[in-house]
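Here is a short report on one protein chain. The sequence and the model follow.

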Amino acid sequence: MDINENNMTVHFLKRKWVRFVLLIIGVCLILAFLLPFIAKFYVTEWLKKNGADQARIEQLWFNPFLGKLTLRHVSVGADGKPRLENVGMVIDLGITSLLKKDIHIEHCSYESLLLEVEQYEDGSWRYGTYTVSAGSEQRAQDEEEKVSGKWALLADQVELKDCKVSLKTPELDFELHI
């Protein structure tokens, strides 16, 4: 490499737009690396703020290019009892459908899922550790439709392995094992 080639490389790297592009690429790479850690922290804190005594997610992985979300070893508990547990969950989303307000789950698998759903005497529901008061569902739905329009959910293929769903209402106590 001669002196002219060295000077051209150094001169090229001194341009402001080149430094700016390199900085943007570096920030994007750092954010892409930190995003799963930030999301895992945010989800566990959200669960704790919404009724969970303890919440743990051992592994959260998201590939935005393939639209694949993976959660491993999720455990959420309240009152000393597990309310939601999952050994493994993989959701393969159709990313292009999100732009059309459609959530299209192409493939989803749950392994060793435990979910408790309970309806209280006052009509409110508890899903895992999250409680929805009676009547708030309709108000929230009306507000969402005003702001964002309707969303659609479609699941093509769902696999359940060793799953247990517990449903309790004032009239019914039911457990489903799959």
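Cysteine 163 is buried, at a relative accessible area of 3%. The setting is a predicted model. Cysteine 28 is partly exposed, because its relative accessibility of 45% lies between the 20% and 50% cut-offs. The table sets the two side by side.

| Residue | Relative accessible area | Class |
|---|---|---|
| Cysteine 163 | 3% | buried |
| Cysteine 28 | 45% | partly exposed |

Next comes a pair of strands. Strand β10 covers residues 164-168, and strand β11 covers residues 173-177. The two run antiparallel and share five bridges. Which residue in β11 is the bridge partner of leucine 167? Phenylalanine 174 takes that place. Four residues separate β10 from β11, and the two strands make a hairpin.

Now the chain as a whole. DSSP runs give four helices and eleven strands. The chain has 178 residues, and 24% of them are buried. Cysteine 163 belongs to the buried class.

Contacts tell about sequence separation. Take the contacts between residues at least 6 apart in sequence: 45% of these join residues at least 24 apart.

Notes
Residues numbered from 1 in each chain as written. Predicted model: local features only at pLDDT ≥ 70, side-chain atom pairs only at ≥ 80, totals over all residues. Heavy atoms only, no water. Buried < 20%, exposed > 50% of the residue type's maximum accessible area, 1.4 Å probe, protein only. Contact = heavy atoms within 4.5 Å. Pairing = 2+ DSSP bridges.
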